[in-house]
Amino acid sequence: AVLPYSALLESANANTPTLDDIFQLSASQQAEFLAYFNAPENQDIAGHRRVYNFLEQHLAGFDYQGKNYTATEAYALKSGNCISLAVLTKALADLAGVQTEFQSIISAPVVSFEQNLMVSSDHVRTFLYDPDFTPEKDKLYFIKPSLVVDYLPSAADITGPRITQQTFIAMFYRNLAADALLAEQYDQALALLKTALQYAPDYSAVINLTAVVHRRMDEMQLAEQFYQYG
């Protein structure tokens, strides 16, 4: 299947955040974290544990809000949704040279109704891997040693598939596009979705939202083409 052609999508040129805008912390935030991470008294702690401990201490009382914040915003406001927390976790881990991986969680959907649209939220958690782990000979390992950063984990949650970095980036752009859609900023929404499709052209949630935006713009034929493509 070939992605349907939409002149509206192709020509959408509203400003969209870059990866640096999303994942880069401010200079003062970087300095604060690195001072903790590189402190002599913390050097006996594994790198991924230091990232985890910093998050736990700095974000005590982190306020769950359905807001799509960049790493800088989430760090400063100590707030945001689960994808905002994952963005911040990756930003800190990248500074520390700690590998991250994302995983979707299947849980009871969080649904809201806004402007005649049903909005359903994803749940994502982040793995922090031990950068100094070396497998021992004659031992069988099912998983690499890691720590999990999660928002309000529930015993009823079912772990879903691991998510590539590309798909995770597309998820963030999709969330911003949903915000733009609710604000009736359709060109902005399409520009964000165009970027999301560049990272994950087969991601069904992005394809679906692209159809929704076209439908809101009374482009019914194009909307149907995207629905069918999805």
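Is Phe54 buried or exposed? Phe54 is buried, at a relative accessible area of 6%, where buried means under 20%, exposed over 50% and partly exposed in between, using a 1.4 Å probe and protein chains only. The legends below start from this residue and move on to other close-ups.

This is a predicted model, in which local features need pLDDT of at least 70, side-chain atom pairs count only at pLDDT 80 or more, and totals for chains, interfaces and linings use all residues. Residues are numbered from 1 along each chain as its sequence is written, and side-chain values use heavy atoms, with hydrogens and water left out.

**View 1. Phe33 and Phe54 meet edge-to-face.** The ring centres of Phe33 and Phe54 are 5.1 Å apart with planes at 75°, so the pair is edge-to-face. Rings of Phe, Tyr and Trp (its six-membered ring) count as a pair if their centres lie within 6.5 Å; planes under 30 degrees apart are stacked, over 60 edge-to-face, and the rest tilted. Phe33 belongs to helix α3 (residues 27-37) and Phe54 to helix α4 (residues 47-58), so this pair links distant parts of the chain, 21 residues apart. Helices (H or I, at least four residues) and strands (E, at least two) are DSSP runs, numbered from the N terminus. Phe33 is buried too, at 0% relative accessibility. Together with Tyr36, Phe37 and Tyr75, Phe33 and Phe54 form one aromatic cluster.

**View 2. Phe102 stacks on Phe168.** Here the planes are at 10° and the centres 3.9 Å apart, so the pair of Phe102 and Phe168 is stacked. Phe102 sits in strand β3 and Phe168 in helix α7, 66 residues apart. Phe102 is buried at 0% relative accessibility, and Phe168 is buried with a relative accessible area of 0%. A search of the whole structure finds eight aromatic pairs.

**View 3. Val87 and Phe168 in the largest nonpolar core.** A nonpolar core is a set of buried Ala, Val, Leu, Ile, Met, Phe, Trp, Tyr and Cys residues joined through side-chain atoms within 4.5 Å. Helix α7 (residues 165-182) supplies the largest share, 11 residues. Beyond its neighbours within four places in sequence, Val87 is in contact (heavy atoms within 4.5 Å) with Ile22, Phe23, Thr70, Ala71, Phe168 and Phe172.

**View 4. Arg162 faces both Glu101 and Phe127.** Arg162 and Glu101 form a salt bridge, with the closest N and O atoms 2.7 Å apart; the term requires a side-chain nitrogen of Lys or Arg within 4 Å of a carboxyl oxygen of Asp or Glu. Arg162 is in strand β8 (residues 158-163) and Glu101 in strand β3 (residues 100-106), so the pair ties together parts 61 residues apart in sequence. Both are partly exposed, Arg162 at 39% and Glu101 at 25%. The charged end of Arg162 also sits over the ring of Phe127, 4.0 Å from its centre; this requires NZ of Lys or CZ of Arg within 6 Å of the ring centre and within 35 degrees of the ring normal.

View 5. Lys90 is buried at 12%, whereas Asp94 is partly exposed at 44%.
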